[in-house]
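Please look over the sequence and the 3D structure below before reading on. The report then goes through a few of its parts.

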Amino acid sequence: MPARSEAGPEEAPRRRRLEPDERRAQILACAIDMFGERPYAAVSTAELAQRAGVARGLINHYFGSKRDLYLAVVRRMVTLPHQDDMVVPVGSPRERVGASVTWLLDTIAEHGSTWVKVTSHEGVGEDPEVQQLLDQADDAAADRLLSMVGLGESPHGEELRAVVRAFGGLVKVAGREWIMRGSLERDQVHILLTDVLLTLVTTTMPEIDRPRK
């Protein structure tokens with residue numbers, strides 16, 4: 001009879017040793033998935049550790065408490081690509097606005113339901129630190145969007161940022177309709193946001209940006 005293999009097919013592979021940054025990224029990726037699947041209260045660090053294939057103590061080592069881990073997820077969801085990596089669109093106002101909306105929807109699509117839940121406080125309630133992170137992210141996204149549509153150097157930047165933050169509320173609701181409810185498809189959301197943003201850029205913002213008498 002042929003000799004039996006030392007390692008049968010049912011034997012689990014040996015766990016690969018990861019560098020600290022890799023292990024932290026692995027835990028964070030699993031947390032992003034889990035907080036997108038269920039409410040904050042329904043996520044346990046024990047189950048997260050099992051899914052990530054790590055000892056529970058490593059979660060505490062890298063992130064602290066579950067709330068600290070959730071804050072890390074929020075930061076990851078709302079962190080924009082580095083400014084140097086941003087390609088400022090060119091062309092007509094509609095082309096620039098369309099490219100800007102594509103960038104917004106790509107940002108949402110990267111993590112889908114987790115982005116929707118994080119930006120709407122779903123499951124975690126009113127947390128001042130979470131709100132501070134979201135407010136900072138809204139300001140950064142407003143600055144980025146104004147640059148992309150050619151209004152980044154306006155002397156009325158604060159007022160224009162307020163308009164974009166108001167538009168951001170529509171982005172979040174439309175993202176929920178697309179990602180969570182399935183009532184709109186991505187191309188329909190693109191049309192909605194492009195039409196609204198184009199009106200803001202070509203009609204509303206010029207009125208706000210007009211020199212005061």
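Predicted model: local features only at pLDDT ≥ 70, side-chain atom pairs only at ≥ 80, totals over all residues.

Residues are numbered from 1 along each chain as its sequence is written, and side-chain values use heavy atoms, with hydrogens and water left out.

**The cavity**

The whole structure holds two cavities of 30 Å³ or more. A cavity here is a set of points, on a 1 Å grid over the protein atoms alone, where a 1.4 Å probe fits but cannot get out; lining residues have an atom within 4 Å of a point. The largest cavity has a volume of about 330 Å³, which is the space filled by probe spheres set on the points. It is lined by 21 residues, and Leu104, Trp115, Ala137, Asp138 and Ala141 are the closest to its centre. By type, the lining has 15 nonpolar, three polar and three charged residues. Helices H4 (66-78), H5 (93-111), H6 (113-119), H7 (128-148) and H8 each supply at least two residues of this lining. Helices are DSSP runs (H or I, at least four residues), numbered from the N terminus.

Lys172 lies in H8, residues 157-181. Leaving aside residues up to four places away in sequence, Lys172 touches Trp115, Thr119 and Asp138, where contact means heavy atoms within 4.5 Å. Its C-alpha atom is 6.9 Å from that of Val116, 56 residues apart along the chain.

Asp127 is placed in the loop between H6 and H7. Is Asp127 buried or exposed? It counts as buried, because its relative accessibility is 11%. Lys172, at 25%, is partly exposed. Buried means under 20% relative accessible area, exposed over 50%, and partly exposed in between (1.4 Å probe, protein chains only).

The table lists polar contacts, which are pairs of N or O atoms within 3.5 Å; within protein, one must be able to donate a hydrogen and the other to accept it, and residues adjacent in sequence count only if both atoms are side-chain atoms.

| Partners | Distance |
|---|---|
| Lys172 side chain, Asp138 side chain | 3.3 Å |
| Asp127 side chain, Arg67 side chain | 2.8 Å |

**The nonpolar core**

The largest nonpolar core has 57 residues, and Leu193 is among those with the most contacts inside it. Such a core is a set of buried Ala, Val, Leu, Ile, Met, Phe, Trp, Tyr and Cys residues joined through side-chain atoms within 4.5 Å.

Note on methods: 1 Å grid on protein atoms, 1.4 Å probe; cavity = no way out; pocket = protein on both sides within 12 Å on 5 of 7 lines; lining within 4 Å. Nonpolar A, V, L, I, M, F, W, Y, C, P; charged D, E, K, R; others polar.
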